[in-house]
Amino acid sequence: MTAPIKPILTRLATPSLRWICLLLICAAYLQGGINKLMDFQSAVGEMQHFGLSPAGPMAALVIAGELGASLLILSGFYRWLGAGYLAVFTLMATLLANRYWEIAGPERFMAANGFYEHLGLAGAFLLVAWHDLRKEP
């Protein structure tokens, strides 16, 4: 990195900007959890679509996990746990919903993109957990 840029970037690395970055990483889970909470029957339908049973309790568990883990990350309280949970949840969900190897045609391309984007998101959550666990006491 060139010398004049580093001091500028260092000044931008504030706790507020860090929190905004964490909010961006959690955005899909906050949006998904709130939408499922506001339309619980659609959330139950989503569970049924993916063959998860019993659908009602599974929907409630997904909502609690998405919102609860996001709040842990944003609050900093057991951030590593929230990030680890969302990493595992994301990996499991993408293995369930983006099975591109079973699809043909243009849908395969879109499912593969979604699959690898979700792997990247799971990696981001693991990095958040790693940073939280490595901070000095």
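Read along the sequence, the protein chain of this predicted model follows the pattern α-α-α-α-α-α, and its secondary structure comes to six helices and zero strands, where helices (H or I, at least four residues) and strands (E, at least two) are DSSP runs numbered from the N terminus. Residues are numbered from 1 along each chain as its sequence is written, and side-chain values use heavy atoms, with hydrogens and water left out. Because the model is predicted, local features need pLDDT of at least 70 and side-chain atom pairs count only at pLDDT 80 or more, whereas totals for chains, interfaces and linings use all residues.

Taken along the principal axes, the C-alpha atoms of the protein chain fill a box of roughly 55 × 35 × 25 Å. The accessible surface of the chain comes to about 9000 Å², of which 70% belongs to carbon and sulfur atoms; accessible areas come from the Shrake-Rupley method with a 1.4 Å probe, and for residues only the protein chains shown count as cover. Of the 137 residues, 29% count as buried, a term that stands for under 20% relative accessible area, with exposed meaning over 50% and partly exposed in between (1.4 Å probe, protein chains only). Among contacts (heavy atoms within 4.5 Å) between residues at least 6 apart in sequence, 54% join residues at least 24 apart.

In soluble globular proteins, nonpolar side chains tend to be buried together. The largest nonpolar core of the model has 22 residues, and those with the most contacts inside it are Ile73, Ala83, Leu86 and Phe125; such a core is a set of buried Ala, Val, Leu, Ile, Met, Phe, Trp, Tyr and Cys residues joined through side-chain atoms within 4.5 Å. Two or more residues of this core are given by each of helix 2, helix 3 (40-49), helix 4 (55-75), helix 5 (79-97) and helix 6 (106-134), and the largest share, eight residues, comes from helix 4. When neighbours within four places in sequence are left aside, Ala83 is in contact with Ile73, Phe125, Val128 and Ala129.

Leu23, found in helix 2, is partly exposed, with a relative accessible area of 30%. Residues up to four places away in sequence not being counted, Leu23 touches Leu30 and Leu74. The C-alpha atoms of Leu23 and Leu71, which are 48 residues apart along the chain, are separated by 9.5 Å.

On the surface, a nonpolar patch is formed by Ile5, Ile8, Leu9, Leu12, Leu17, Trp19, Ile20 and Leu24, with about 740 Å² of accessible area together. Patches are made of residues with over 30% relative accessible area and no salt bridge, like charges being joined within 9 Å and nonpolar side chains (Val, Leu, Ile, Met, Phe, Trp, Tyr) within 5 Å. Helix 1 (5-12) and helix 2 (15-38) each supply at least two residues of the patch, and Ile8 has its place in helix 1.

The structure holds three salt bridges, each defined as a side-chain nitrogen of Lys or Arg within 4 Å of a carboxyl oxygen of Asp or Glu. Lys36, Glu46 and Glu66 are linked in a network of such bridges. The side chains of Glu46 and Lys36 meet at 3.7 Å, N to O; Glu46 lies in helix 3 and Lys36 in helix 2, so the pair ties together parts that are ten residues apart in sequence. Glu66 forms a salt bridge with Lys36 in which the closest N and O atoms are 3.5 Å apart, and because Glu66 lies in helix 4 and Lys36 in helix 2, this pair ties together parts that are 30 residues apart in sequence. Glu102 forms a salt bridge with Arg99, the closest N and O atoms being 2.9 Å apart; Glu102 counts as exposed at 54% relative accessibility, and Arg99 as partly exposed at 32%.

A search of the whole structure finds ten aromatic pairs, in which rings of Phe, Tyr and Trp (its six-membered ring) have centres within 6.5 Å, planes under 30 degrees apart counting as stacked, over 60 as edge-to-face and the rest as tilted. Among them, Tyr100 and Trp101 form an edge-to-face pair, with 5.2 Å centre to centre and 75° between the planes. Tyr100 counts as buried at 14% relative accessibility, while Trp101 is partly exposed, with a relative accessible area of 38%. Ring pairs also link Tyr29, Tyr85, Phe89 and Phe125 into a cluster.
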